[in-house]
Amino acid sequence: MKTYVLASKNQHKAEEIKEILGKGFEIITQTEAGAGDIDVVEDGTTFEENAAKKALAIMEATGKPTIADDSGLCVDYLGGAPGVYTARYAGENADNEANIAKLLEVLKDVPKMERGAKFVCVIALAEPGKEIKYFRGECSGRITDKKYGDGGFGYDPIFFTEEYGKTMGELEAHIKNAISHRSAALKKLQKYLAE
Ligand code: IMP
């Protein structure tokens, strides 16, 4: 069984990835791989740059094939912002509540038809001696005028999916996970690893 290091200390993320990739792949966190003391600064201007930076740093530290992800929200009306700044949209130490409040305020006079947005997830795979590979997943929706539901995390309560007529905050976890940008990117990674 081939082992991949996940450039993250988040055990929950590792479990989610394991579940989508299925049997045959061992995923361990960077902590389990002995690189728990490394904190990579996500200062890139694209999702690809940030994911690559994390994957390369942990691959170099562990010598093992490493995957890293970077994700965020891109709003059409804002020309794709906040993008790589999604986690700190309302400021360096902003929490979800502050980020959501800022986005709703910025879009308050924007009509429904112009509130299109997408979640993006880019996974980078760094393997010793090989060129880095990227897998991108996207999930389209629209930003609501207020919060609906309290499931999920981050911007989920204001991200409306046309397909289900609900926000991601109102969707059951297994449905959200099946249509998410992360699972789309992971499915591409799985296909590549299985080839
Ligand atoms: P990260 O790259 O996973 O750290 O996510 C960056 C930012 O995007 C954070 O503010 C997250 O809350 C937000 N984000 C990423 N994925 C999702 C999602 O599936 N739902 C809601 N917010 C998300």
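Around the ligand there are 15 residues, and the closest are Ser71, Asp156, Lys176, His181 and Arg182. Please keep in mind that this is a predicted model.

What is the make-up of that shell by class? It has four nonpolar, six polar and five charged residues.

A polar backbone atom of serine 71 is 3.0 Å from an oxygen atom of the ligand. For tyrosine 155, a backbone N or O atom lies 3.2 Å from a ligand nitrogen. Aspartate 156 uses its side chain instead: an N or O atom there is 2.6 Å from a nitrogen atom of the ligand. With a cut-off of 3.5 Å between N or O atoms, these pairs count as polar contacts.

How much of the ligand does the protein bury? Taken alone, the ligand exposes 480 Å², and 86% of that is buried by the protein. As for where the ligand sits, that is the largest pocket. Of the elements, β3 gives the most, with three residues.

Next, the aromatic side chains. In general, a pair of aromatic rings is described by the distance of the centres and the angle of the planes. The count here comes to three aromatic pairs. One of them is formed by tyrosine 4 and phenylalanine 25, which are 6.2 Å apart centre to centre, with 55° between the planes. That pair is classed as tilted.

The last item is a peptide bond. Alanine 81 and proline 82 are joined by a cis peptide bond, with omega at about 0°. Where is proline 82 found? Its place is the loop between β3 and α3, the latter being residues 96-106.

Key
Residues are numbered from 1 along each chain as its sequence is written. This is a predicted model: local features need pLDDT of at least 70, side-chain atom pairs count only at pLDDT 80 or more; totals for chains, interfaces and linings use all residues. Side-chain values use heavy atoms; hydrogens and water are left out. A residue is near a molecule or strand if one of its heavy atoms lies within 4 Å of it. A polar contact is a pair of N or O atoms within 3.5 Å; within protein, one must be able to donate a hydrogen and the other to accept it, and residues adjacent in sequence count only if both atoms are side-chain atoms. Accessible areas come from the Shrake-Rupley method with a 1.4 Å probe; for residues, only the protein chains shown count as cover. On a 1 Å grid over the protein atoms alone, a cavity is a set of points where a 1.4 Å probe fits but cannot get out, and a pocket is an open set with protein on both sides within 12 Å along at least five of seven lines; lining residues have an atom within 4 Å of a point. A molecule sits in a cavity or pocket if more than half of its atoms lie within 2 Å of its grid points. Helices (H or I, at least four residues) and strands (E, at least two) are DSSP runs, numbered from the N terminus. Ala, Val, Leu, Ile, Met, Phe, Trp, Tyr, Cys and Pro count as nonpolar, Asp, Glu, Lys and Arg as charged, and the others, Gly among them, as polar. Rings of Phe, Tyr and Trp (its six-membered ring) pair if their centres lie within 6.5 Å; planes under 30 degrees apart count as stacked, over 60 as edge-to-face and the rest as tilted.
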